[in-house]
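Here are my notes on the model you sent over, point by point. Have it open while you read.

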Amino acid sequence: MAKTQLNVRVDEGTARAARERALARGMSVNRYIEELVRQDTGEVGHTFVDAAADFMKQYESVFAEEFGADREGSREAGPAGGRADNFESAREGRR
């Protein structure tokens, strides 16, 4: 992904806090701020839902084999009491 440079002016306390938080998380200040913006715009949550939907599709047969098609927790009921395709529905609904 192409990167664009932004120049931002903040007070010294904010700059110090950003540096400290980034250091504590083992990342650059640029990466830390980029992640904050992604969280604020919901991209991280969307990425999680996408990954969960892909996981459920990929391992659907394993769950069906383990729990059986007639038991709660199967594709019909889903492990959380809903349908297993809820992740896919959520992913499609926000696009």
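Predicted model: local features only at pLDDT ≥ 70, side-chain atom pairs only at ≥ 80, totals over all residues.

1. Start with F55 and Y59, which sit together in helix α3 (residues 43-67). They are 4 residues apart, about one turn of the helix.

2. How many aromatic pairs does a search of the whole structure find? The count is 3. One of them is F55 with Y59, whose ring centres are 4.9 Å apart with the planes at 40°, so that pair is tilted. Ring pairs tie F55, Y59, F63 and F67 into a cluster. If you want to describe such pairs in your own write-up, the distance of the centres and the angle of the planes are the two things to quote.

3. On to the charges. The structure has 4 salt bridges. One of them joins K3 to E34, with the closest N and O atoms 3.1 Å apart. This pair links distant parts of the chain: K3 belongs to the segment before α1 (12-25), while E34 is in helix α2 (residues 29-41), and the two are 31 residues apart. Their surroundings are worth a look, too. K3 is exposed, with a relative accessible area of 61%, whereas E34 is partly exposed at 25%.

4. E34 has another partner in R38, and the side chains of R38 and E34 meet in a salt bridge at 3.1 Å, N to O. Here both residues lie in helix α2, 4 residues apart, about one turn of the helix. R38 is partly exposed at 22% relative accessibility. That value stays above the line for burial, because buried means under 20%. Taken together, K3, E34 and R38 are linked in a network of salt bridges.

5. A further salt bridge brings the side chains of E12 and R19 together, at 3.5 Å from N to O. R19 is partly exposed, with 47% relative accessibility.

6. What makes up the nonpolar surface patch of about 290 Å²? V29, I33, L36 and V37 do. I33 has its place in helix α2, and it is partly exposed at 41% relative accessibility. For the chain overall, the accessible surface comes to about 7800 Å², and 52% of that belongs to carbon and sulfur atoms.

7. Now the overall layout. The chain has 4 helices and 0 strands, and along the sequence the pattern reads α-α-α-α. Of the 95 residues in the chain, 17% are buried. Looking at contacts between residues at least 6 apart in sequence, 42% join residues at least 24 apart.

8. Last, how far does the predictor's confidence go? The chain averages a pLDDT of 78, and 69% of the residues score at least 70. Two stretches deserve a flag. Over residues 73-78 pLDDT stays under 50, and the model has 16 contacts for them beyond four places in sequence. Over residues 80-84 the pLDDT is below 50 as well, with 9 contacts in the model beyond near neighbours in sequence.

Notes: Residues numbered from 1 in each chain as written. Heavy atoms only, no water. Buried < 20%, exposed > 50% of the residue type's maximum accessible area, 1.4 Å probe, protein only. pLDDT = per-residue confidence, 0-100. Contact = heavy atoms within 4.5 Å. Areas by Shrake-Rupley, 256 points an atom, 1.4 Å probe, with all protein chains shown as cover. Patch = residues over 30% accessible without salt bridge, like charges linked within 9 Å, V, L, I, M, F, W, Y side chains within 5 Å. Phe/Tyr/Trp six-rings, centres within 6.5 Å; stacked < 30°, edge-to-face > 60°.
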